[in-house]
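Please go through this model with me, point by point. Keep the sequence and the 3D view open as you read.

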Amino acid sequence: MRTIFSTLTVICIMMFLASCQKVSQKEDVTSKPNVIIVITDDQGYGDMGNTGNKIIQTPAIDNFSTQAINLTNYHVSTTCAPTRGAMMTGRNPNRNGVWHTIKGASMLNGDELAMPEVFRQNGYSTGMFGKWHLGDNHPFRPHDKGFDVAFYHGGGGVGQTPDYWNNDYFDDTYFRNGVPEKQEGYCTDVWFSEAIQFIEDNKDKPFFTYLSLNAPHGPYNVPDEYYNKYAEEKNLLETQKRFYGMITNIDDNFKVLLAKLDELKIADNTIVIFTSDNGTAAGYKQNKKTKKYYGYNAGMRGTKASHYDGGHRVPFIIRWPNGKLTGGKHLNELIAHVDLLPTLTQFAGIDFKPKKEMDGVDVSTYLQKEEKPKDRMLVVDTQRIPWPRKGKQSCVMQGDWRLIDGKALYNISEDPGQTKDLAAQYPERVAKMDAFYNTWWDGMIKETKYSIINLGVDSVDVLTCHDAHTPLGVNPPWNQGLIRAGKPMEPAKILVNFTKEGTYKFDLSRWPEESGLALGASIEDAYPATKATNARVSGKAIQFKTAHLKVGEKVYSVEVDNTLPSATIETKLTKGDTELTAWFTTVDGTETNAFYIYVEGKTETI
């Protein structure tokens, strides 16, 4: 009998311990902080009330800053896609394939490990909403790079060439994990609504939410109620009134997001970040006639695309009550977008071991305990050319010091406008910072490579001229207004990888498939009858004679019927990387690139 009782006792104890272990494991999982990153597009450091702007209305963001930690020396890249790529990988954009916004250099290299992949591998539900701008094809799309749910527009903005045809911020069609889906409402409202739904659906487990907005990027389409908030403001230019309205709309949505976290009782264990992707695009501008400046830039020199601080110093506000990131403090040490991945994984208790050289470092201790991080240097540059060029618009940063173009030295704590060149007074500092740049460049450029689009993965893959490798000084038609204008584009290659051997069908067109337009359609046909647009352009119908496709060194050509939506070329191809160029010859002998190319695998081997 004693043996039976002893056995039962042991079993009960083991069951109790097992249940405790399960509870402990559950607590470990649920204690992981949720992460929400809200990143706006083209909103500068001075485009908020809490940074000193006396006109703009951002009460929710201003109040949030009093509850959080504010970084006053936080830096990103000087344009949007490079910032997003660096944030996702912890690596400088010249390393990861995203040093431009078009021209085949805005696609995240396929072998880069992205932030959502790291979080998903460690038990997080992952969702992104809004602007991806790191590739519209395999293997770069957001749902290829670690997001369970991805709801986004195409290209770098609503209305750009890879986006769904005729999108204009209102009642648009966006892509849910690659599938078009019609929506009602203003784009920013849609992105926030979708993100909030994702948060509600995943409130009982750790989630990573990337709310990446296309606003306040141009075109400056905004609901009337938000434009009217600034319509009578005499100290703003007309574009700025719309720009400010877009930011106030973001602020209203941000307030709803924060209220939802409170309602769900998850605010204390949710890391919320509010930031931007580059310096202001429209918040500080000059009237060309009067030469008077309008808006506010926090006393900085430069705006979007500048390598001076006004081009890359942006707001960064982070709140996490359970992690003691509260109180409205301002921290002034140098921090950058490349630091997010190593820092957030540390906060989440993720054992992140990068396989490639990182430019970012873990600054979690500084944020939580204000222990000054190790002194270091960082590089920001503005490339926006087919291949990175050493010294082009370079800025080396060390604390408050800035070395511009390897020559001019500024201290932004004493001279935020960067007007006093101190290079002659500190030649040793100049030499040291320039030596760092040279060493950094030599290591970085060894990693630099173009991204290659995979074909034969989906039943139909869509290529656009947005990603064509045009020469220096020549941009492809990167938005739908330019597509409508129909200006001939010099034929340019796209780098592709045929993933399987087989027969492929290529449909070459001036227009996207969803437009329903024939090749020879007029410019009037290319505008919706009932939809207003700010992108009206002049243009004319084009009559094509011959369509051409070059794969590798082989060229295929067919005659064109301008009453059809596309010209079709079909051929058998081998597996592997190659260059693809698709173009037309018009009836007057002009050559122009195909703006859209639909690639379909035709055989069972595909």
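1. Strand β22 (residues 502-509) and β25 run antiparallel and are joined by seven bridges. Within that pairing, Asp507 has Thr568 of β25 as its bridge partner. Strands here are DSSP runs of E with at least two residues, helices are runs of H or I with at least four, and both are numbered from the N terminus. Two strands pair if DSSP finds at least two bridges between them.

2. A word on the source: this is a predicted model, where local features need pLDDT of at least 70 and side-chain atom pairs count only at pLDDT 80 or more, while totals for chains, interfaces and linings use all residues. Residues are numbered from 1 along each chain as its sequence is written, and side-chain values use heavy atoms, with hydrogens and water left out.

3. Which strands make up the open sheet that holds β22? The order is β20-β28-β22-β25, four strands with antiparallel pairing. β20 (460-464) and β25 (567-573) are at the edges; each has a single partner strand, so one side of each is left without a neighbour in the sheet. On average, neighbouring strands of this sheet are turned by 20° against each other, direction ignored. Axes are lines fitted to C-alpha atoms, for helices over the stretch in contact, and angles between N-to-C directions run from 0 to 180 degrees.

4. Now the other open sheet. Ten strands form it, in the order β7-β6-β5-β4-β8-β1-β9-β12-β2-β13, and the pairing is mixed. At its edges stand β7 and β13 (330-331); each has a single partner strand, so one side of each is left without a neighbour in the sheet.

5. Look at the β7 end. Strand β6 (residues 173-176) and strand β7 (residues 179-182) run antiparallel, with four bridges between them. Tyr174 has Glu181 in β7 as its bridge partner. The two strands form a hairpin with two residues between them, and Asn177 in the turn has a positive phi of about 50°. β6 also pairs with β5 in the antiparallel sense, over two bridges. There, Phe175 in β6 stands opposite Tyr152.

6. α8 touches β1, β8, β9 and β12, and its direction makes about 170° with that of β9. Helix α2 (residues 59-66) lies across β2, β9 (270-276) and β12 (316-319), at about 60° to β12. Contact means heavy atoms within 4.5 Å.

7. Does the length of helix α6 agree or disagree with what its 15 residues should span? At 1.5 Å a residue, α6 (residues 187-201) should span 21 Å, and its end C-alpha atoms are 21 Å apart, which agrees. The expected span is 1.5 Å times one less than the number of residues. Several α6 residues are buried, including Trp191, Phe192 and Phe198. Buried means under 20% relative accessible area, exposed over 50%, and partly exposed in between (1.4 Å probe, protein chains only). The buried residues of α6 pack against elements including β4 (125-130), β5 (149-152) and α8 (238-263).

8. Thr40, in strand β1, is buried, with a relative accessible area of 0%. Among the residues Thr40 touches are Arg84, Ile250 and Phe274. Leu71, in strand β2 (residues 69-71), is buried at 3%. Leaving aside neighbours within four places in sequence, Leu71 is in contact with Tyr45, Phe316, Leu331, Ile335 and Leu367. Glu524 sits in the loop between β22 and β23 (544-551). Glu524 is exposed, at 58%. The C-alpha atoms of Glu524 and Lys540 are 8.3 Å apart, although 16 residues separate them along the chain.

9. Finally, the largest pocket holds about 660 Å³ of space. Of its 26 lining residues, Phe175, Gly178, Val460, Val462 and Tyr598 are the closest to its centre. β7, β20 and β28 (596-601) each supply at least two lining residues. β20 gives the most, with four. A pocket is an open set of points on a 1 Å grid over the protein atoms alone, where a 1.4 Å probe fits, with protein on both sides within 12 Å along at least five of seven lines; lining residues have an atom within 4 Å of a point. The volume is the space filled by probe spheres set on the points, which are joined across faces, edges and corners.
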